[in-house]
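Good morning, colleagues. Please look at the sequence and the structure on the screen, and I will then take you through some of the packing.

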Amino acid sequence: MSKAGNLPILYKTDASPPARAVMMVAEILGVQYSNCEINPVLREQDTPEMTAKNPLRTIPYIEDDGFCLGDSHAIILYLFDKYAKPEHDHLYPSNVKIRAKINQILFFDCGVLFARLRSVMAPTYMGRLSELSQSMKRNIEDAYRIIEAYLSNTLYIADNNVTLADYSVLATMSSLHGLHPIDSNKYPKLLNWYNRMSSLPVCKTINDPGAELHVTGLKKLMEQKKLSKL
């Protein structure tokens, strides 16, 4: 399965926030690719073949003419470097300071924001969570506070134009917002940014359906756990 008509292969599931980030960026850049659906709940990414390609054993990952790459943040940077045209420069400008800010936000999404979401996902998929704990809510709120601060001087998270960082964070935020809605009084800039991003066509067609699947699935599992306690 290393090639599919010489198209890159994207291993993913639509409900995955990181996969949605890659799919949105690929759509914007006009990248054609072949889909390979992976069910992470069943750990289909843990087979010896998959582990050899992606030792992280995460989704998404991409296989491009024998080159395998995991982690959505690395993937979107790779796609930009390989496929971006001049009209895409705003996504990852050559300005060193803007790029550094974008990188900072991508690391924040990877190390902080998605980690807060994963702390909810893991126990939910293991059948241990019936609702968000107070500590989970506090950690999510703290992440919202950070993004609100990032938006204090720019229209978008890293610049006054939409960048790769916005699509990456939006994918994570759309799941978090579905589980713990953004308080407009506490985080007005964050909510305005979220609504502005969500109105973009690529976000409506690619991110929204997957986010709905993700949030609905998590809430259903929580409800089942809650009922099992009765």
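Is the crossing of H6 and H8 right-handed or left-handed? In this predicted model, H6 and H8 cross in the right-handed sense. Helix H6 covers residues 164-179 and helix H8 residues 201-228; the angle between them is about 35°, and their axes lie 9 Å apart. On the H6 side, the contact is made by Tyr 167, Leu 170, Ala 171, Ser 174, Ser 175, Gly 178 and Leu 179. H8 contributes Val 202, Cys 203, Asn 207, Ala 211, His 214, Val 215, Leu 218, Lys 219 and Met 222. Sorted by class, this contact of H6 with H8 comprises 10 nonpolar, five polar and one charged residues.

Let me turn to helix H7, residues 188-198. Its buried residues are Leu 190, Leu 191, Trp 193, Tyr 194, Met 197 and Ser 198. Viewed down the axis of H7, these buried residues fall within an arc of 160°, and therefore they line one face of the helix. Their packing partners are helix H5 (134-150), H6 and H8.

Finally, the protein as a whole. It contains eight helices and four strands, and along the sequence they follow the pattern β-α-β-α-β-β-α-α-α-α-α-α. The radius of gyration is 18 Å, close to the 17 Å that the globule rule gives for 230 residues, so the protein is as compact as a globular protein of that length. The C-alpha trace spans about 55 × 45 × 25 Å along its principal axes. Of the 230 residues, 48% count as buried. Among contacts between residues at least 6 apart in sequence, 70% join residues at least 24 apart.

Terms used. Residues numbered from 1 in each chain as written. Predicted model: local features only at pLDDT ≥ 70, side-chain atom pairs only at ≥ 80, totals over all residues. Heavy atoms only, no water. Axes fitted to C-alpha atoms, helices over the stretch in contact; angles between N-to-C directions. Helix = DSSP H or I, 4+ residues; strand = E, 2+ residues; numbered from the N terminus. Left-handed = near helix turned anticlockwise from the far one by under 90°. Contact = heavy atoms within 4.5 Å. Nonpolar A, V, L, I, M, F, W, Y, C, P; charged D, E, K, R; others polar. Buried < 20%, exposed > 50% of the residue type's maximum accessible area, 1.4 Å probe, protein only. Arc of directions from axis to C-beta. Rg over C-alpha atoms; globule rule 2.2 N^0.38 Å.
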